[in-house]
Amino acid sequence: MAYGDKLIDHYENPRNVGVFDKGDESVGTGLVGAPACGDVMKLQIKVTANGVIEDAKFKTFGCGSAIASSSLVTEWVKGKTLDEAAEIKNTHIAEHLALPPVKIHCSVLAEDAIKAAIADYREKHATDRDEVEEKAAAL
Amino acid sequence: MSERTGANLKLPIYLDYQATTPLDPRVLEAMMPYLTEEFGNPHSRSHAFGWKAEAAVEEARGKVAAIIGAKVKDIVFTSGATESNNIAIKGVARFYKDRKNHVVTVATEHKCVLESCRRLQQEGFDVTYLPVAPNGILDLDRLRDAITDRTVLVSVMAVNNEIGVIQPLEAIGAICRERGTFFHTDAAQAVGKIPLDVEKMNIDLMSISGHKIYGPKGIGALYVRRKPRVRVKPLFSGGGQERGIRSGTLPAFLCVGLGAACAIAEKDMGADNERIRRLWKRLYEGITAANDEIYLNGDAEQRYHGNLNLSFAYVEGESLMMGIKDLAVSSGSACTSASLEPSYVLRALGVESDLAHTSIRFGIGRFTTEAEIDYAVAVINEQVHRLRELSPLWEMAQEGIDIKSIEWGEH
């Protein structure tokens, strides 16, 4: 596949590869995709007490587009609040990386990964069950 | 590692010999006169331009026949194995359709064979697509059971293009002869690589491809037995060339190229195979010595050793191919196919989807060198290691988590 420079850069020099302790209170973990589909993304966010994402890590099983999309997302979420991070759309990812049409689903999965990480964090910190469901429904 | 620098190596290294092969310089030399001064139409009866072209074509025809143990007159030139497969399957079935309406083939055949069979189904034929064992080889008892007195043709490829396994042609031919049905084999990946003999193997039709054996693209042949005679309906109409089976002006330069390629392959087959087998072993062992959970697709022994198809667990195929970009290879991963469906051949072997997504096919050929293999091993091992560090599945496997036990979401 003839990929653009930004995508190749993220593939060859992926940002923020690694692992946070899943059990850590400040960490939200999103695991999306399926091995049978050839795409699995694990995205983790480390969130400050004021709800700002201060760090992110990822691991991905998938094609160059999948790896690049998840790497990009770890860069984009840093410094954002949870609500701001939830605003990241797959179309922005696809545009930035110039994803070919047949690879758009990789950016969708990356968007899902962010939302899954946020949801996981929120669930850990939910004082009120309804509050979590409300926020999840709003995503 | 000095192997990794690729010093003195021309990059990228070609390791996709099943997709196509470079033209052997000796073949090009044989073809050149027919691209320049000897441009005559081989069917021009009345002048020397035509006679010379015809002589060259007939000499080439003899060379194609020789490498498969056929008679010269049994060889029909076509545009390639896809066309040959179409003629063999549709042409034979349609000719005998009043008496017989059943065709037997295998799930791992090339797309052109499967599509030709599907077309016949639309025309009212019954087709049986036989499964294969996990090693890719056909079960002969299942074949025997599938043939009825309405079966006109059995089509089984000699060497599989994706995984390299060799089907038991002699045994299949014997069964077909015994049961009174024609035996066609798509030998595109087999001619010049494994010994073929249409008499010994009771083969009635055989498809041959030029560009798989260091010959030119755009030419192939179809062997059609004359004793006992196999009748074939042509696919298209014209002047009735090639025994009425395939009309059209023969491209003399391409026929000469195919002939030269066959003659060279016949002579070099033994030496080529010995080298290639050694290189296959070097590549396979180089990778498996450095990495766990590497799976060979297709039987380890009943195979042509120019084909090494491996699944690299926990590493997706396209991402690995990007990492080894100085190697020209291909993958059974869905991501690299236009349809996003993983390889149907791997699926037929029972390779599960997650592993099918991790497969890469390496092709070794006449011009592959040891230095190229060593470089390939170094690059592959480096990238497999890197991508496994990036893989959440590898991480889970290292932690002892059973990946199959996880409920993955749909997406």
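Q: How many Å apart do the C-alpha centres of domain 1 of chain B and domain 2 of chain B lie?

A: Domain bounds come from an automatic or database domain assignment, and here the C-alpha centres of domain 1 of chain B and domain 2 of chain B are 29 Å apart. Domain 1 of chain B covers 8-22 + 269-401, and domain 2 of chain B covers 25-265. This is a predicted model, in which local features need pLDDT of at least 70 and side-chain atom pairs count only at pLDDT 80 or more, while totals for chains, interfaces and linings use all residues. Residues are numbered from 1 along each chain as its sequence is written, and chains are lettered from A and ligands numbered from 1 in the order in which they are written.

Q: How many residues of each domain of chain B are in contact with the other domain?

A: Two residues are in contact if their C-beta atoms, placed from the backbone, lie within 7 Å. By that rule, 22 residues of domain 1 of chain B touch 26 residues of domain 2 of chain B. On the domain 1 side, β10 (307-312) and α10 (344-348) of chain B each supply at least two of the residues; helices (H or I, at least four residues) and strands (E, at least two) are DSSP runs, numbered from the N terminus. That side of domain 1 of chain B divides into six nonpolar, 12 polar and four charged residues, where Ala, Val, Leu, Ile, Met, Phe, Trp, Tyr, Cys and Pro count as nonpolar, Asp, Glu, Lys and Arg as charged, and the others, Gly among them, as polar.

Q: Which residues of strand β2 of chain B are buried, and why does Pro25(B) count as exposed?

A: A residue is buried if 20 or more other C-beta atoms lie within 10 Å of its own, exposed if 12 or fewer, and partly exposed in between, with C-beta atoms placed from the backbone. In a regular strand the side chains alternate between the two faces of the sheet. In strand β2 (residues 75-78) of chain B, Ile75(B) and Phe77(B) on one side and Val76(B) and Thr78(B) on the other are all buried, so that both faces are covered. Pro25(B), which lies in helix α2 (residues 25-35) of chain B, counts as exposed because it has 9 C-beta neighbours inside 10 Å.

Q: Which strand is joined to β2(B)?

A: Two strands pair if DSSP finds at least two bridges between them. Four bridges join β2(B) to strand β8 (residues 220-224) of chain B, and the two run antiparallel, with Phe77(B) standing opposite Ala221(B) in β8(B).

Q: In what order do the three strands of the open sheet in chain A stand?

A: The order is β1-β2-β3, with antiparallel pairing. Strands β1 and β3 of chain A stand at the edges with a single partner strand each, so one side of each has no neighbour in the sheet. Eight bridges link β2(A) and β3(A), and Val40(A) stands opposite Phe61(A) in β3(A).

Q: Which strands of chain A does α2(A) lie across?

A: Axes are lines fitted to C-alpha atoms, for helices over the stretch in contact, and angles run from 0 to 180 degrees between N-to-C directions. Helix α2(A) lies across β2 and β3 of chain A, at about 175° to β3(A), whereas α5(A) lies across β1 and β2 of chain A, at about 145° to β1(A).
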